[in-house]
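Biologist: Before we begin, could we look at the chain together and take its parts one by one?

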Amino acid sequence: MSKRFISAGFVSLAVLLAGCDGKQDAADQSDRITVREGRTAQAAGPAPAEARGQDFVSAVIGDYDFVLASARAASDKAERADVKQIAAKLGTEIGASRGGLVQIAQASGLKAEAGETAHSTKLAMLSSTHGVPLEKLFVDQQIEVLSELLGLIRAYKNGGDDPELKRWAEANQSVVNDRLLDLQTLQAEIEQQAAQ
């Protein structure tokens, strides 16, 4: 009897290993096309509950609201033209993406409001900062939030429960990804100038 159990275990292990032939499914491959000038946007993963529509909508809107509020602050207070430019881009593109999400959420009977976030502390730090420290803080905060957001959107696209929200995630991950890449480039420029 124990030989049969051990034999079944080896067969299961062999089947599992045969499925791990190094190939990725199409959903994973589409997440890896985020390269610009040799850089890939890194996405942090979401909490498991955010595979449900309402949790996803609340989390994304919370992150989007932070991105928009901090972009307004950077537009008003930044000295660098490139920081102001990316803040304006974030305001336009994230604002439009947020509007599309709100429409889909409301049509699906979901609440289009932010969930609990820890972003109020980040906004307070940003509002009390000026000049070069503000610009660096803005970029660093945006990269952190957009990285998490990109992971959330990708995870929902691949495993969410609402087909309309999954289509929205598919269509809008590039908005977040492209701005994340812009911010990573800007971060490198700011750090290089600070080192000189």
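**Reading the fold**

Modeller: This is a predicted model, and in its chain 80% of the contacts with a separation of 6 or more are accounted for by residues 24 or more positions apart.

Biologist: In what order do the elements of the chain run from the N terminus on?

Modeller: The chain holds seven helices and two strands, and buried residues make up 39% of its 196 residues. Read from the N terminus on, the order of the elements is α-α-β-β-α-α-α-α-α.

Biologist: Why does the distance between the end C-alpha atoms of helix α4 agree with its number of residues?

Modeller: Helix α4 covers residues 81-107, which is 27 residues, and at 1.5 Å a residue these should span 39 Å. The distance agrees because the end C-alpha atoms of α4 are likewise 39 Å apart. After this helix comes glycine 109, whose phi is positive, near 80°.

Biologist: Which helices do the buried residues of α4 pack against?

Modeller: The buried residues of α4 include Val83, Ile86, Ala87, Leu90 and Ile94, with Leu101 and Ala105 also among them. In an α-helix there are 3.6 residues a turn, so residues three or four places apart point the same way. The partners against which the buried residues of α4 pack are α3 (53-77), α6 (131-159) and α7 (163-195).

Biologist: How many residues of α3 are buried?

Modeller: Helix α3 has 25 residues and reaches 36 Å from its first C-alpha to its last, close to the 36 Å expected at 1.5 Å a residue. This helix is mostly covered, and the number of its 25 residues that are buried is 18.

Biologist: Which elements give two or more residues to the largest nonpolar core?

Modeller: Among the 45 residues of this core, those that touch the most other members are Phe56, Val60, Leu90, Phe138, Ile153 and Trp168. The elements that give two or more residues to the core are α3, α4, α6 and α7.

Biologist: Which residues does valine 60 touch, not counting residues up to four places away in sequence?

Modeller: Valine 60 is one of the core residues that touch the most other members. With residues up to four places away in sequence left out, valine 60 touches Leu101, Leu149, Leu152, Ile153 and Trp168.

Biologist: What volume does the second largest pocket have?

Modeller: The lining of this pocket consists of Asp82, Gln85, Ile86, Lys89, Asp182, Thr185, Leu186 and Glu189, and α4 and α7 each supply at least two residues of it. These lining residues divide into two nonpolar, two polar and four charged. The volume of the second largest pocket is about 170 Å³.

Note on methods
Residues are numbered from 1 along each chain as its sequence is written. This is a predicted model: local features need pLDDT of at least 70, side-chain atom pairs count only at pLDDT 80 or more; totals for chains, interfaces and linings use all residues. Side-chain values use heavy atoms; hydrogens and water are left out. Helices (H or I, at least four residues) and strands (E, at least two) are DSSP runs, numbered from the N terminus. The expected span of a helix is 1.5 Å times one less than its number of residues. Buried means under 20% relative accessible area, exposed over 50%, partly exposed in between (1.4 Å probe, protein chains only). Contact means heavy atoms within 4.5 Å. On a 1 Å grid over the protein atoms alone, a cavity is a set of points where a 1.4 Å probe fits but cannot get out, and a pocket is an open set with protein on both sides within 12 Å along at least five of seven lines; lining residues have an atom within 4 Å of a point. Grid points are joined across faces, edges and corners, and a volume is the space filled by probe spheres set on the points. Ala, Val, Leu, Ile, Met, Phe, Trp, Tyr, Cys and Pro count as nonpolar, Asp, Glu, Lys and Arg as charged, and the others, Gly among them, as polar. A nonpolar core is a set of buried Ala, Val, Leu, Ile, Met, Phe, Trp, Tyr and Cys residues joined through side-chain atoms within 4.5 Å.
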